[in-house]
Number of protein chains: 2
Amino acid sequence: MENFSEWYHNILETAGIYDLRYPLKGCGVYLPYGFKIRRYAFEAIRDMLDESNHDEALFPMLIPEDLLAKEGEHIKGFEEEVYWVTHGGTTPLDVKLALRPTSETPIYHMMKLWIKVHTDLPIKIYQIVNSFRYETKHTRPLIRLREIMTFKEAHTAHSTSEEAEAQVQTALNIYKTFFDRMGVPTIVSQRPEWDKFPGADYTMAFDTIFPDGKTMQIGTVHNLGQHFAKTFELEFETPDGGKDYAYQTCYGISDRIIASIIALHGDEKGLILPPEVAPHQIIIIPLLFKGKEEIAMNKAKEIYKSLKNTYRVKLDDRDIRPGKKFNDWELKGAPIRIELGPRDIENNKLTIYRRDTGEKFQIDEDNLLNELNTLIDSIENTIKEKAEQKVKSFITILDNHDVNNIKETLSTKKGVVLVPYDENIYTEEFEEEIDASVLGTTEYDGKKYISIAKTY
Amino acid sequence: MENFSEWYHNILETAGIYDLRYPLKGCGVYLPYGFKIRRYAFEAIRDMLDESNHDEALFPMLIPEDLLAKEGEHIKGFEEEVYWVTHGGTTPLDVKLALRPTSETPIYHMMKLWIKVHTDLPIKIYQIVNSFRYETKHTRPLIRLREIMTFKEAHTAHSTSEEAEAQVQTALNIYKTFFDRMGVPTIVSQRPEWDKFPGADYTMAFDTIFPDGKTMQIGTVHNLGQHFAKTFELEFETPDGGKDYAYQTCYGISDRIIASIIALHGDEKGLILPPEVAPHQIIIIPLLFKGKEEIAMNKAKEIYKSLKNTYRVKLDDRDIRPGKKFNDWELKGAPIRIELGPRDIENNKLTIYRRDTGEKFQIDEDNLLNELNTLIDSIENTIKEKAEQKVKSFITILDNHDVNNIKETLSTKKGVVLVPYDENIYTEEFEEEIDASVLGTTEYDGKKYISIAKTY
C-alpha cells in the first residue's frame, strides 16, 4: 500500500463503509455495509461482556455543567474538548449542558444512589453510545471524530482494592480476546503518569500499528482507585460495619476497532474481512452461460438454502457480468466466494475463491459444509497471522536510549521502538527530546521496555 | 389500578426499568432490566425491517443550523424545541449545531449524493438513535423525554408516487404486526391537516389507550410526497430520460413502546411481560427444604441446562426465602416460574406458575418442553387479548357531533370517542370547542369516524 491514507479514505467510500461528505468536520455516516461490520464487531464484545457478568444500561447524553465539573482533574482533561448546549429553542438554559465526552460523571452520580452497603457491590455496567469531542486536531474518519459514533464504555465499582485490580486484569483479558477475534494485534502499555486518563490511578492501553507505521490507541483500561468514589461519595458499609469508598475501574473501545479491521487486513484489491464481522461470509455467484442459466440459478438457490442457517450467505443474482461481481465482492472483502458454472454442476463440483489468499480451488459439493467449516477457521487464522507479521515487522528493539538512534529508527523503520526500561529517562522531557510519543512501559518477551512511537 | 400515574412511576423504579433521579429534567437512565426489555423490543422491529429490505445505517447527531433550516415548514415545526450547541470548549462555533430532533435533514442531504438515476431507487434506510426535544410541557419517563433515548426512524425514497404510497402501506403493516407482537392494541388515524408532521403530505398515526384513559401516540408513518425532495434536490433521471424528484416516506417509533408494554399489561403486583421481550422468560426456583437442598438444587440445574438453549431462563439460587423470590419475579413480570420442591421431584412433577393469569399447576417433567411451548403461546395470546379488551372498553361510538355529549363522554368514560366523519365539523375550531384532541379520521368496523381523545 503505497499511500495508506489515500487507500483508507478511498476504501471507506468504494466499499460502502462510511460517507465522509456530511457537511460537518469530524462527522460522517455509517453506510449499510459499514454498519453491519460495526454491528457484528460490537455484538462480539457485547456477548463477551454479558458472559462476564456485565449489565448493559443506557445513561443520558447531556451532562449538566456542575456535574461534569465535580471532579477537578477530570474536567481539566476535557474542558477544551467539550461541546456545550446553551439554548433550548430560543431560550437560554439556566445551566449549560455538555455533550458527554465520556460518562464517568453521569454514571458515578447514579452509582451513589445505588450503593449503600458492600452487598450492593460489585456493579459492572456498560453502554454503547455516541460521544463527543471538539477536536481541534486534524480529524480522520472512524479514527479521530468529533462525533464518536460508537463508544463502548464499561464502569465497575468494587468493595476492595484487590477486586478492582482483578477487574482490570479481567478487562485486559476480555479486550485481548476481542482484538484477537478481530485479528487485530496490539501492544499493551501502561501509559506514563503524564498521559494517563484524567482522574485515574493508572491507565493500561492497547495500541495497534497501522500500515503507515503509526500507532493507534484502540482500547484503554483504567484503575480509578477511590479518586472518583471520594468525589461522588460512593461510600458503603463494609462487612465489619465500617465505612469505605468504592474502588473503581473503567474501560473503553470505539469505532477505532472498525478502522483497524479495515486498515490492518485490507490490500490493494480492497477489504479483507474476518468472517466474524463480514456482513456476508459467503457469496454465491451463478455463472450464467447461454441456454444453461436455469441450471446454474437453480443450483445457486439450492446451495443458498442449504447454507443460510449456518452462515451469512448472499446469492448475487444481479444481471451483470460475473467479473464485475467478483470485483465488487473482492473490494467489499467477502471471505468466500462460491462460483457455479454448468460444467462444475455436472460434475458435482463447486469452485471456491478465498479472498484472503486469493486461492481458487474446486471441492465436491457433497463435502461443502465440512469444507466451509475448515475454510472459515483457516481464513480467520491466516488473516490474524498476516496482521501479526505486519505489526511485528514494525517493532524494533534497541539496547540503548540514544536519542538520535531512536529518532532515526522511528523515521526509517517507523512503528514502535522498544528501549530498555530505565526510570531516569522515563520522563516527559525525554518524550520531548525524541519528538515522538512515549506509549508507556510494556513487557516484551519477558522484559520491561519503554514503548515509543509516532501516534495517530 | 387506582392511580395509574403513581403506579407507573413506582414500577419503573421497583422493577428496575428506568431511574428517574438523573439531575436533569426529562432525562433518565435505562437500568439493566429495562434495557433488556428495550433490547428485545427493538431487536424485533430491527428484524422486521431487515427482512423487508430496509438497511440500517447511522447518521450524525449534530445538524448545522443552515441544514436544519433548509426546509421552512419543517424547521418551523421544531424551532422552539431544538437544543443548540454554541460552543466547542470555550470557543464559540461559527455555525450553531442542533441536536437532532429527527433526522430528515441530515439524511436527505446525504440522499442527494446517492441519487442520480432511477436505478439508485428505492432507498430504504433506518437508524435507532437518541434524539432531543426541549420539551416545555410536563415531562414523563419514557413518554415525554427531553432525551428520547430510543428513536427508530426509517426513511425511504422512491421513483414513483405509487411506490411511495405502497411503502406507506408496508410501513403501516410492519408497525401493526410489531405492536401486535408486543401485545399493544392501537387505533390508526390519519392526522388532521393541522396536526400532521411538519413537511408531510399526510401523517398516519398509531395511538394506544393508557389505563388512565388518555391516548398516546406510539408510531407515525408519513407520506412526504416530493416536498423534502424538492428542497433537498433529490432529482433523478427517469427511465425515459426525463427528470423527476424522489417520492419519500418516513416512519418512526420510540421508547413509548416500552412505556406501553409496561402500562398496558401490568397489574397491582407489577409488570406482566410478553415472552418476546421478557429478559427472563422462565424463572427456576428450587424450594430448599432442610436436608433436601441438594436434590432440589441439582434438579434446578438440570432443568436450567435443558432449557437454556431454547428460552431465556434464569435459575434464582439466591440465599433468600422462596416467597421473596416469588414476589420479586412477579414484580418484574417474568412470564413463567417453575417451582421445584422435593415432593414434586420424587413424583417427576414440576409446579408451574404463570404470571399473566396467576394460575398455578403441576405438569409431568417429561413433558416440560411441550408444555412450555404451548404455555408461551397461550401467555402471548392472553396478554394480547386482555389488553385488547381494556382498550376496546375505552372506545365509545357516538352517532352525533354534539359538543356537550362528546365532552361529557370524554370526562366520564374517558378513552377515545368516535363520531361520524363530517367534513364540515372536521376543523381546528371544532377541536377547540371540545377541549380535547382530534386524533384524525379512522376506519372502525368499515365506517369512517373522527377520533377524539385526551392525549398524553
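Select Asp399(A) in this predicted model: Asp399(A) sits in the loop that runs between β20 (395–397) and α13 (403–412) of chain A. Asp399(A) counts as exposed because 9 C-beta neighbours lie inside 10 Å, and the limit for that class is 12 or fewer. Asp399(A) and Val419(A) are 20 residues apart in sequence, yet their C-alpha atoms are 6.1 Å apart in space.

Next, move to Lys414(A), in the loop between α13 and β21 (416–420) of chain A. Lys414(A) is not a glycine, but its phi is positive, at about 60°. Most residues other than glycine have a negative phi, and most peptide bonds are trans. With 19 other C-beta atoms within 10 Å, Lys414(A) is partly exposed.

Now select helix α2 of chain A, residues 32–51. Colour the buried residues of α2(A): Gly34(A), Phe35(A), Lys36(A), Ile37(A), Arg38(A), Ala41(A), Ile45(A) and Leu49(A). An α-helix has 3.6 residues a turn, so residues three or four places apart point the same way.

Continue past the end of α2(A) to Asn53(A), in the loop between α2 and β3 (55–56) of chain A. Asn53(A) has a positive phi of about 65°, although it is not a glycine. Asn53(A) is exposed, with 10 other C-beta atoms within 10 Å.

Pro122(A) is placed in the loop between α5 (104–114) and β7 (123–132) of chain A. In chain B, Leu121(B) and Pro122(B) are likewise joined by a cis peptide bond, with omega about -5°, and Pro122(B) lies in the loop between α5 and β7 of that chain.

Stay in chain B and display β4(B), β5(B) and β6(B). β4(B) pairs with strand β6 (residues 91–99) of chain B in the antiparallel sense over three bridges, and Ile63(B) has Ala98(B) as its bridge partner in β6(B). β5(B) and β6(B) also run antiparallel, joined by four bridges; here Val85(B) is partnered by Leu97(B). Two residues separate the strands of this β5(B)–β6(B) hairpin, in which Gly89(B) takes a positive phi near 60°.

Show both chains for the interface. In all, 42 residues of chain B are in contact with 42 residues of chain A. Elements that give two or more residues to this side of chain B include α2 (32–51), β7 (123–132) and β8 (147–158). The largest share, six residues, comes from β5(B). By class, this side of chain B has 28 nonpolar, six polar and eight charged residues. Strand β5 (residues 83–88) of chain A and β5(B) pair in the antiparallel sense over five bridges. Zoom in on Gly88(A), which stands opposite Tyr83(B) in β5(B).

Finally, superpose the chains. A rotation of 180° with 0.0 Å of shift along its axis places chain B on chain A, with an RMSD of 0.0 Å; that is the relation of a two-fold axis. Select Val85(B), whose C-alpha is the nearest to the axis in chain B, at 2.0 Å. The same surface serves both copies, as 100% of the contact residues of chain B recur in chain A.

For confidence colouring, chain A has a mean pLDDT of 96, and 100% of its residues reach 70 or more. The predictor gives the complex an ipTM of 0.96 and a pTM of 0.97.

Conventions:
Residues are numbered from 1 along each chain as its sequence is written. Chains are lettered from A and ligands numbered from 1 in the order in which they are written. This is a predicted model: local features need pLDDT of at least 70, side-chain atom pairs count only at pLDDT 80 or more; totals for chains, interfaces and linings use all residues. Two residues are in contact if their C-beta atoms, placed from the backbone, lie within 7 Å. Ala, Val, Leu, Ile, Met, Phe, Trp, Tyr, Cys and Pro count as nonpolar, Asp, Glu, Lys and Arg as charged, and the others, Gly among them, as polar. Two strands pair if DSSP finds at least two bridges between them. Copies are superposed by least squares on the C-alpha atoms of residues with pLDDT of at least 70 in both. The expected span of a helix is 1.5 Å times one less than its number of residues. A residue is buried if 20 or more other C-beta atoms lie within 10 Å of its own, exposed if 12 or fewer, and partly exposed in between; C-beta atoms are placed from the backbone. pLDDT is the predictor's confidence in each residue, from 0 to 100.
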